[in-house]
Amino acid sequence: MREIERRIDTGALRPGDRVPSIRQAAAEWGVATATAAKALDTLRRRGRVVAVPRVGTIVAEPAHAPAPRPGAGRARRERYPVAIGPNAERERVVRTAIALADAQGFEAVSMRSIATALGMPTMSLYGLLRGKEELAALMADAVFGELELPLEPPPSWRAHLELAARLQWCLYLRHPWLPRLMSLTHPQPLPHLLKFGNWGMGAILGLGLDPETARIVWWAVANHVRGTATNLEAQHDAERHTGLSPDQWYTAHLPSLHAALSTHTAPIDDRLEFDLTAFFEAGLRLLLDGAAVQIGRQHRP
């Protein structure tokens with residue numbers, strides 16, 4: 001208990017930061033879980049920490065800051081994962097988080113950093129959002145809402161899918177942190193994301209394909225875009241750390257590449273260049289060429 005208080009007093013733990021859980025405290029200080037629970041309970045009674053439902057125990061704001069409203073945790077659970085209905089204050093928080101992520105990457109986004117940017121107590125954010133998980137969902141939904149989908153899509157399935165892929169790619173270029181929030185295996189029912197998915201699927205619905213093939217074609221296209229885009233954030237990080245663009249990096253490392261990889265069957269060009277957008281376009285062509293073969297086999301006019 002004294003060590004946690006020391007960390008709070010020295011600023012090692014700040015308002016809104018999580019403190020060790022009961023199990024973590026028990027492991028860190030070699031005590032029984034019951035002892036760790038008593039320590040955290042004492043800290044709560046002293047007003048040094050506060051338990052936020054389904055978030056954990058966090059450092060409390062100073063005594064003058066507003067305390068969480070009774071029942072706020074229940075309300076947050078009811079609207080998770082995406083809050084429904086207009087809320088100007090929550091929208092301001094989400095837009096601030098997006099701006100932080102665009103400028104500094106998703107790792108820079110925290111309840112504390114958003115509160116600092118807005119000049120408000122960290123704890124007050126928990127009256128609007130359950131935590132970073134819900135915030136991430138709202139951020140993703142907000143940026144997918146930026147897409148302007150044409151009322152009249154291109155007439156051919158291929159042109160339609162190409163447009164869908166390029167719209168998604170441009171969105172990732174504007175927000176390089178976004179791909180990490182997308183999941184093929186654990187998708188979230190975000191309204192704007194579902195709208196985009198339905199619009200993209202419209203390219204192949206009605207072609208006479210069996211439902212499984214139709215889904216795989218769309219998922220393959222969407223996942224190609226997302227998978228390629230996961231390199232954008234890493235590229236930005238590498239450029240910040242090394243000061244080199246991808247082309248400059250390849251040029252600087254050409255001697256090593258020649259020594260390790262150059263063969264008669266796989267020569268390394270001294271003018272080697274690499275552009276993620278060009279790579280995305282090349283992969284999209286290959287993917288749609290393959291989809292055309294599959295669609296041609298099953299298409300029933």
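These questions and answers walk through a predicted model of one chain.

Residues are numbered from 1 along each chain as its sequence is written. In this predicted model, local features need pLDDT of at least 70, side-chain atom pairs count only at pLDDT 80 or more, and totals for chains, interfaces and linings use all residues, while side-chain values use heavy atoms, with hydrogens and water left out.

Me: How many helices and strands does the chain have?
Reply: Helices (H or I, at least four residues) and strands (E, at least two) are DSSP runs, numbered from the N terminus. The chain's secondary structure comes to 14 helices and two strands.

Me: What percentage of the residues in the chain is buried?
Reply: Buried means under 20% relative accessible area, exposed over 50%, and partly exposed in between, with a 1.4 Å probe and protein chains only. The chain has 301 residues, and the buried share is 39%.

Me: Is Q168 buried or exposed?
Reply: Q168 sits in helix α9. Its neighbours include F196 and R226, leaving out residues up to four places away in sequence; touching means heavy atoms within 4.5 Å. The relative accessibility of Q168 is 4%, so Q168 counts as buried.

Me: How do the rings of F106 and W177 pair: stacked or edge-to-face?
Reply: Rings of Phe, Tyr and Trp (its six-membered ring) pair if their centres lie within 6.5 Å; planes under 30 degrees apart count as stacked, over 60 as edge-to-face and the rest as tilted. The whole structure holds four aromatic pairs. For F106 and W177, the centres are 6.4 Å apart and the planes are at 20 degrees, so the pair is stacked.

Me: How many residues apart in sequence are the parts that the pair of F106 and W177 ties together?
Reply: F106 lies in the loop between α5 (88–104) and α6 (111–118). W177 lies in the loop between α9 (157–174) and α10 (191–201). The pair therefore ties together parts whose separation in sequence is 71 residues.

Me: Which residue lies over the face of F106?
Reply: A charge sits over a ring if NZ of Lys or CZ of Arg is within 6 Å of the ring centre and within 35 degrees of the ring normal. At 4.5 Å from the ring centre of F106 lies K132.

Me: Are α2 and α3 roughly parallel or roughly perpendicular?
Reply: Axes are lines fitted to C-alpha atoms, for helices over the stretch in contact, and angles run from 0 to 180 degrees between N-to-C directions. Under 35 degrees is roughly parallel, over 145 roughly antiparallel, 65 to 115 roughly perpendicular and the rest oblique. Helix α2 (residues 22–29) and helix α3 (residues 33–45) pack at about 115 degrees, with axes 8 Å apart. The two helices are therefore roughly perpendicular.
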